[in-house]
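Please go through the briefing below with the sequence and the coordinates open beside it.

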Amino acid sequence: MIIDDSLHIEFGDCRILLKNIMTSSITTIITSPPYNIGKKYGKYRDNIDLDDWIKLIEDVAEEAFRVLKPNGSFFLNLSPIPYGKYKEILPLPYLGYDILHKKGFKIRNIITWTFNNMQNCVNRLSGRYENIIWAVKNLEDYIFNLDAVRIPYITQNDKRLEGGKGRNPTDVWYFNRVNNMTKMSLGLKHPTIYPIEMIERIIKMSSNNNDVILDPFLGSGTTAVAALKLGRKAIGFELDSSYETEIKKRLLNEGYQKQQF
């Protein structure tokens with residue numbers, strides 16, 4: 001599904017498709033791979049051996065490092081998960097940090113994404129966060145547009161405030177997850193959908209107009225939708241072609257104007 005020079009979506013294994021991307025051509029990569037917790041993604045089996053999951057992330061991270069521009073950023077969303085017979089918590093973000101570091105990335109922030117709408121646990125504290133690892137190739141030269149993502153001050157009319165620009169959003173973000181009621185109202189079936197406002201914040205702060213944004217695990221298309229809305233170009237890879245209709249619907253309904261499907 002290649003639309004035009006601003007949108008390129010392909011269906012297949014991202015480890016193969018990434019090899020077709022030119023070296024140092026992508027400004028920002030944003031993605032959330034399967035967490036290996038048995039989600040029903042369709043074609044993908046979300047309960048592979050942990051070593052196989054690690055190898056998947058390693059392969060993607062290696063190609064991500066190659067295709068990113070020297071001043072580019074990689075945002076990898078991972079979550080602690082219950083694992084094994086007794087559901088011990090496995091901190092996938094720690095594994096992600098280790099993988100990215102081994103592949104040459106430098107870690108700029110580990111963002112904590114907090115939310116409310118999620119199942120409640122009875123034998124442990126209920127989880128209410130995931131992590132987004134912000135990795136860069138060069139700590140001395142990377143895009144960070146702070147003014148584009150400033151948020152309102154809590155205290156108003158304070159003379160010490162920086163010219164009214166707003167404050168740094170910090171590394172703790174609150175964006176509610178897209179719940180099942182919202183999915184049903186939009187006619188969406190993908191089990192895990194990003195809040196688009198969160199992806200827009202990432203794109204604004206890490207890229208500029210006409211830059212190329214990549215999501216190797218595109219899912220329902222949120223990253224592509226957000227990129228196009230903000231005047232960027234989008235590349236997305238998705239293993240399961242059954243999500244093609246859903247991606248098209250979102251692009252047409254949420255800001256993509258050319259409608260050349």
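**Helix packing and overall context**

Helix 2 (residues 50-67) and helix 3 (residues 92-102) cross at roughly 45 degrees, and their axes come within 10 Å; axes here are lines fitted to C-alpha atoms, for helices over the stretch in contact, with angles running from 0 to 180 degrees between N-to-C directions. This is a predicted model, in which local features need pLDDT of at least 70 and side-chain atom pairs count only at pLDDT 80 or more, while totals for chains, interfaces and linings use all residues. Residues are numbered from 1 along each chain as its sequence is written, and side-chain values use heavy atoms, with hydrogens and water left out. The secondary structure of the protein chain comes to seven helices and 11 strands, where helices (H or I, at least four residues) and strands (E, at least two) are DSSP runs numbered from the N terminus.

**The chain as a whole**

- Of the 261 residues in the protein chain, 48% are buried, a class that means under 20% relative accessible area, as against exposed at over 50% and partly exposed in between (1.4 Å probe, protein chains only).
- Among contacts between residues at least 6 apart in sequence, 69% join residues at least 24 apart, contact meaning heavy atoms within 4.5 Å.

**Helix 2 against helix 3**

- Helix 2 and helix 3 are oblique to each other, since angles under 35 degrees count as roughly parallel, over 145 as roughly antiparallel, 65 to 115 as roughly perpendicular and the rest as oblique.
- On the side of helix 2, Leu50, Trp53, Ile54, Ile57, Glu58 and Ala61 meet Leu92, Leu95, Ile99 and Leu100 of helix 3.
- The residues of this contact divide into nine nonpolar, no polar and one charged, with Ala, Val, Leu, Ile, Met, Phe, Trp, Tyr, Cys and Pro counted as nonpolar, Asp, Glu, Lys and Arg as charged, and the others, Gly among them, as polar.
- As a general point, an α-helix has 3.6 residues a turn, so residues three or four places apart point the same way.

**Helix 5 against helix 6**

- Helix 5 (residues 196-206) and helix 6 (residues 222-229) pack at an angle of about 55 degrees, with their axes 9 Å apart, and they are therefore oblique to each other.
- The crossing of helix 5 past helix 6 is right-handed.
- Ile196, Ile199, Glu200 and Ile203 of helix 5 make the contact with Thr222, Thr223, Val225, Ala226, Ala227 and Lys229 of helix 6, and by class these are six nonpolar, two polar and two charged residues.

**How helix 6 is covered**

- Seven of the eight residues of helix 6 are buried, namely Thr222, Thr223, Ala224, Val225, Ala226, Ala227 and Leu228.
- The elements covering these buried residues include strand 2 (7-11), strand 3 (26-31), helix 5, strand 10, strand 11 (233-238) and helix 7 (244-253).
- Thr222, which lies in helix 6, counts as buried at 2% relative accessibility.
- Leaving aside neighbours within four places in sequence, Thr222 is in contact with Ile193, Tyr194, Ile196, Ile199 and Arg250.

**The pairing of strand 5 and strand 6**

- Strand 5 (residues 80-83) and strand 6 (residues 88-91) run antiparallel and are joined by four bridges, where two strands pair if DSSP finds at least two bridges between them.
- Pro80 stands opposite Pro91 in strand 6.
- Ile81 lies in strand 5 and counts as buried at 3% relative accessibility.
- The C-alpha atoms of Ile81 and Gly127 are separated by 9.2 Å, although the two residues are 46 apart along the chain.

**Positive phi angles**

- In the hairpin of strand 5 and strand 6, which has four residues between the strands, Gly84 takes a positive phi near 85 degrees.
- Thr170, a residue other than glycine, has a positive phi near 65 degrees; Thr170 lies in the loop between strand 8 (129-136) and strand 9 (172-174) and is partly exposed, with a relative accessible area of 43%.
- Asn210, also not a glycine, has a positive phi of about 75 degrees; Asn210 sits in the loop between helix 5 and strand 10 (212-215) and counts as partly exposed at 47% relative accessibility.

Terms used. A crossing is left-handed if the near helix is turned anticlockwise from the far one by less than a right angle, and right-handed if clockwise.
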